[in-house]
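Please go through the structure below with this briefing beside it.

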Amino acid sequence: MSLASLIGRWAMQPFTKALPPLGDTERAALEAGTVGFEGQLFAGRPDFDRLSAMGPNRLTEREQAFLDHEVRELCRMLDDHAIDQARDLPPEVWRYLREKRFFGMIIPEEFGGLGFGHYAHATVVTRIATVNIAAAVTVMVPNSLGPAELLLRYGTDAQKAHYLPRLADGRDLPCFGLTSPYAGSDAASIPDRGVVVEREFGGKRTRGFLVDFDKRYITLAPVATVVGLAFHAVDESRPEGQRELGITCALIPVPHEGMEIGRRHRPMDSAFMNGPIRGRQVFVPMDWVIGGEERVGQGWRMLMECLAAGRAISLPALGSAMQQTALYVSNGYGQIREQFGLPVGKFHAIAGLVAQMSAELYASDAARRFTAAALDKGERPSVASAILKVQLTEAGRRAVNRGMDILGGKGIIAGPSNLLGVAYRQAPIAITVEGANILTRALIVFGQGAVRCHPHVLGEMAAVQARDEAALGKALIAHGKHVATNLWHSLFGAPVLGQPPEALAREARLIARMSAKYALTADLAMGMLGGKLKRMELLSARLGDVLAHLYLASACIWRYRADAAPELLPFAQAAIRMQIDEAGKILRDLYANLPTAGRRVIGSIVLRRTAHLAPLRDVQLLALAELLRTDPRIVERLAPDLSEPAAGGLRDLMHAMELGAQLGDASTALNKVLRRTNSFEEAARSAPDPALALAYLKAADKVIQVDDFEGPAPAAQKARPDFNRLAAPPAQPEPQPSAHRQERTTPPPVPAG
């Protein structure tokens, strides 16, 4: 008997107990998608030539023209405040979206769609979202997880021929019903059931399902003309134990007997359409099942495979838009707004925040663009998609929060002039959907990554399931060599594989070493805890976060080479260091919380020689902030998707920044004169170009001012007491005590609002 067989025989029983059992839904999720560069990070051997081989993002001439014309025109039609107040997009915007086929970006030209690639699709959504998130959500849903992608991948020829042209030109507007009131994050456990029956339908006997369902949080449901529906299919004519057919996806036209579109939901009072869908004894012909009867029971796998790509596009685009807008607003307002005789952006507390925002944006957008390039090359990276969903939506929320801190009172006064208020209110929406971030961090990133990305675990699981002792022994021998290699690299340094850009060679070494430490830590955690690690979500979330920070850091290497923009080198270096430093902090927290007596010893060994992972120093952050203040090209490169809206505070800020750039350094002297004279005209006369100076001062004042609204109604105003009279010294003798008490204890009428 070979050594491998002996080892496999010895290990079979303990491994059978240690490895967690896999259900069909878990297996479908694990097998969905492909493994990309994240697999090399999990193995502790990132190859930077493989990273660079992905190449830069490419747009076709048609895609670029659409961005330059249709998308730009759409953004100029969007007034963020007006849409928010109206709680809907204007009719002309809905019409424009249909006419220009925004709902058919992913549908091939042969079916009447635009046939755009993933990067173009993501860029369109990002640019719209910098102006109005509700419009971006309205565009992204038909192009994300929904009927179009499911039809393209799994639909019958007849279904494609009927629906795709109608979806492309907006005659049909889709929604997709998955979430139920009692099955949110645990979407595989939806209680909605469809029983196989035969009914008279369309004048003939038809085989199909009678479905009862209750769905909520369904974006576009109130305006949808076709509903995608996920339900559990059941065939009661089969023997006991074979009746459950599995989750099935179908398309139902609106209206349809038994189906009801409920009253509208208002996610954070946003203007995009969202609502519940309910059905009682709804007949769904077998021809309405996506892919026909042969696809019955395959719905969960279909959804997981589509999510493997979809998570990397739409919600990360919203997160990137929030980051880009917040950086532009924070940097711009910091130059215009002065306190204590200085632009507030020069104060170190604010400069440090803006610098952190810029470095984080460089890293997160690098990862988003790198993953889009991978998607355009045919990959479907499920783990990387989950990483992007979490990291970019959280980064968007952090950026908006920091921007609100910098804006101060300006940021919290609602109205057309507000710069970030609507985005601040809507930031939590992206956090919750397509797998809440808590769930995604704790279960998906590392849960899938540990099996899909690890070079040996999937083979070990397959060998245990097949009871193949020789295969298990071979996998364990290879796994042992893998652990030994990563231990050596963790202690004495990891080799850098490939040729990273020379300017980032030091940062590449940091990534390689941290990758080895992470790979070793993941193996130690799985080895010590076995199947229990699946339930220890605080630990598994940390392991997922380290992988995420390594992925973002590596994407910075790719981006610097793809952009060929040497002026962004300080931001690339800072972005990588911030991500690696964060990964090191999380690893230290992980070792401090491992439930084993030797955790401190193991942690001290693995994490030795990590002093080089010190965070950015203050002087480095301030240098980044100075570059942002003094070189407009930097902001343009970091926020390339920022679009001009129809009206509002962002447009006012853009106008003031354009005038300020023409004025140059003269703005500081101009503001000093303004503080002394308190007159725009007198201050402008002191400048070399008085007309330009006056225009700038008025534009800057418009940015600084906030909105006000009509107060109480006149009748209510009359009811108000004259507080000035009450406060004045009494002209008559002091009233009697009883009258005085009555006057003081009875509150004045206060009008509503």
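Is Leu220 buried or exposed? Leu220 is buried, with a relative accessible area of 0%, where buried means under 20% relative accessible area, exposed over 50% and partly exposed in between, using a 1.4 Å probe and protein chains only. This is a predicted model, in which local features need pLDDT of at least 70 and side-chain atom pairs count only at pLDDT 80 or more, while totals for chains, interfaces and linings use all residues. Residues are numbered from 1 along each chain as its sequence is written, and side-chain values use heavy atoms, with hydrogens and water left out.

**Backbone geometry**
- Leu220 has a positive phi of about 75° although it is not a glycine, and its place is in the loop between strand S3 (204-219) and S4; helices (H or I, at least four residues) and strands (E, at least two) are DSSP runs, numbered from the N terminus.
- Gln281, which is likewise not a glycine, has a positive phi of about 55°; Gln281 lies in strand S7 and is partly exposed, with a relative accessible area of 41%.
- The peptide bond from Val254 to Pro255 is cis, with omega near 0°, and Pro255 lies in the loop between strand S5 (244-253) and strand S6 (259-261).

**Surroundings of Gly292**
- Gly292 is found in the loop between strand S7 (274-285) and helix H12 (299-310), and is buried, with a relative accessible area of 11%.
- Leaving aside residues up to four places away in sequence, Gly292 touches Thr156, Gln159 and Met286, a contact being heavy atoms within 4.5 Å.

**Strand S1**
- From strand S1 (residues 174-177), Pro174 and Phe176 point one way and Cys175 and Gly177 the other way, and all are buried.
- S1 and strand S4 (residues 226-234) run parallel and are joined by four bridges, with Phe176 standing opposite Gly228 in S4; two strands pair if DSSP finds at least two bridges between them.

**Helices H14 and H15**
- The axes of helix H14 (residues 348-376) and helix H15 (residues 382-407) come within 10 Å and cross at roughly 155°, the axes being lines fitted to C-alpha atoms over the stretch in contact and the angles running from 0 to 180 degrees between N-to-C directions.
- H14 and H15 are therefore roughly antiparallel to each other, a term that applies to angles over 145 degrees.
- Residues of H14 including Leu353, Met357 and Arg368 meet residues of H15 including Leu392, Ala395 and Arg402.

Technical notes
Angles under 35 degrees count as roughly parallel, over 145 as roughly antiparallel, 65 to 115 as roughly perpendicular and the rest as oblique.
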